[in-house]
Amino acid sequence: MKYQEINVPVQYRYLSQWQDLLNMLPQQGKYILNKVNTGCGGTTLFLQSAQPTILVSPRSNVLYSKSAQFPKAHLFRKKTDTSTTVPVLKERLRDYINYCMAGTSPWNTEPTIPKILVTIDSYPYVAEQLAFMGILDRFTILVDEFQCLMSDSKFKGRVELEFLHNLRGVNSVCYMSATPIDESYLNHFPDFADVAGYYKLIWDSSVLETPNLDMRPYKPKQSSKGICKGIIQDYRSNGYFAQKVINGAVVSSTEVVIFLNDVRTIVQIIEENQLQPDEVNVLCSLSNKYVKDLKRLGVHIGELSTDPCNPVNRIFTFATRASFEGVDFYSNSAFTYIFCDGVLEWNKNDLITDVPQILGRQRLDQPFRKDAILYYRANSKTNSAAIIERIKVKEEATQRWIDIFNASDEQTKMMLKDGIMKRSKETRYQDDYVEFVDDMQGGFVLRENYLVKSTE
């Protein structure tokens, strides 16, 4: 894999101001773009370009935000219309493409250069339609926040692996992140074997910002709920979450973002502290089983201000780990709290990736954008030797499954596939890393899910 550093001119704070960068990146093939700096406008750079682009994101909230910022882009999903069927979505995509190709205008001129916004889950439908129309190779596929392919694999393993599997042979792919998957992992990822280049941006020190992170261990018997209760009570007493002096004047934080990776606990905090619907917004997956409890409480879910000039937010924004990558959060004073409970299996690698991503969501240059208090509970029960042995046993079991599958007739293969696909979420990767992947050609293959293995 070719490694190259690219110096960002000192006058640029946002990549969207530096269109020449696209000329320094490959026009064909697959490559990784390490932005290094979060919130630097990398996605906007591609969406403003003259290149037909498919933005593939692991987070629906990112797509909703970008759709609001780029109304000429096509969102292959409807947030409020859950009854919309896949055939209808495909028809709307075809209509959009036909509109972009109206008359005799090529895509690099007016009327519209196609920009398609889609989740990883729905990408196969988009790729199928564009391939059928014979135009898939004209698009650059931008995989945003691609480190989520690994962090999400425990609960979306098949989807993630299938997505990577079906990017094989695709003409132009950019894997972009400010906190990319470590190269030591990528070397063992077979679907990254054809990635030709790794491009790292080098920013001037005046542009990069160091997080002001106050790390506090949980005290004995201390809980996230108890700490949040104290945060809420202090705000109600003082009218602010934090203060600092800037140029001789006292400035206050009157909004807070709380990253807490447990929707059930968020529900309990809202109930026990009698937070009102107009005070709270929650960023989480709409498929989470506790969303019904949030709706029962009248709590707003996933609503973010998209106006950087006049941002209006609720006082308390709760966000789960799976909801913040790539999302633009506009606030004039929001302070950040991060809860890393050892029960949730957060570790050093998680924090190295997540803290820059979390603070990078604060897009405006406000006094508290890089300030955060992080509560952590170390998991002292980790046994490296036991983990290595467990991985080895599961690898051997996976290979046995693959050998049995490859030696079986078609009827037996279908029986094996049905049995494995019916595994519950709790037992799916308990004894092996077996995964069935749709090859988008009417068949399927049995593979090891190395993404899940890498999270052990």
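## A tour from pocket to loop

Start with the second largest pocket, which holds about 350 Å³ of space. The model is predicted: local features need pLDDT of at least 70, side-chain atom pairs count only at pLDDT 80 or more, and totals for chains, interfaces and linings use all residues. Residues are numbered from 1 along each chain as its sequence is written, and side-chain values use heavy atoms, with hydrogens and water left out.

**Stop 1: the pocket**

Select Y14, G39, G41, T44 and R363. Of the 23 lining residues, these lie nearest the pocket centre. (On a 1 Å grid over the protein atoms alone, a pocket is an open set of points where a 1.4 Å probe fits, with protein on both sides within 12 Å along at least five of seven lines; lining residues have an atom within 4 Å of a point. Grid points are joined across faces, edges and corners, and the volume is the space filled by probe spheres set on the points.)

Now show α2 (42–47) and α3 (60–69). Each supplies at least two residues of the lining. The largest share, three residues, comes from α2. (Helices, H or I of at least four residues, and strands, E of at least two, are DSSP runs numbered from the N terminus.)

Colour the lining by class: six residues are nonpolar, ten polar and seven charged. (Ala, Val, Leu, Ile, Met, Phe, Trp, Tyr, Cys and Pro count as nonpolar; Asp, Glu, Lys and Arg as charged; the others, Gly among them, as polar.)

**Stop 2: salt bridges**

Side chains of opposite charge can pair when their charged atoms come close. The count here is 14 salt bridges. (The rule: a side-chain nitrogen of Lys or Arg within 4 Å of a carboxyl oxygen of Asp or Glu.)

Select E162 and R158. Their side chains form a salt bridge at 3.2 Å, N to O. Both sit in helix α7 (residues 153–165), four residues apart, about one turn of the helix. E162 is buried, at 13% relative accessible area. R158 is partly exposed, at 29%. (Buried means under 20% relative accessible area, exposed over 50%, partly exposed in between, with a 1.4 Å probe and protein chains only.)

Next, select E395 and K453. The closest N and O atoms of this salt bridge are 2.9 Å apart. The pair links distant parts of the chain: E395 is in helix α13 (residues 384–406) and K453 in helix α15 (residues 450–453), 58 residues apart. E395 is partly exposed, at 29%.

E448 is partly exposed, at 23%. Then pick R168, D191 and R447, which salt bridges with shared partners join into one network.

**Stop 3: cysteines**

C284 is buried, at 7% relative accessibility. C100 is buried too, at 0%.

**Stop 4: P220**

Move to the loop between β9 (212–217) and α9 (224–238), where P220 lies. Is P220 buried or exposed? It is exposed, with a relative accessible area of 80%.

**Stop 5: T265**

Finish in helix α10 (residues 263–272), at T265. T265 is buried, at 12%. A polar contact of 2.8 Å joins the two side chains. (A polar contact is a pair of N or O atoms within 3.5 Å; within protein, one must be able to donate a hydrogen and the other to accept it, and residues adjacent in sequence count only if both atoms are side-chain atoms.)
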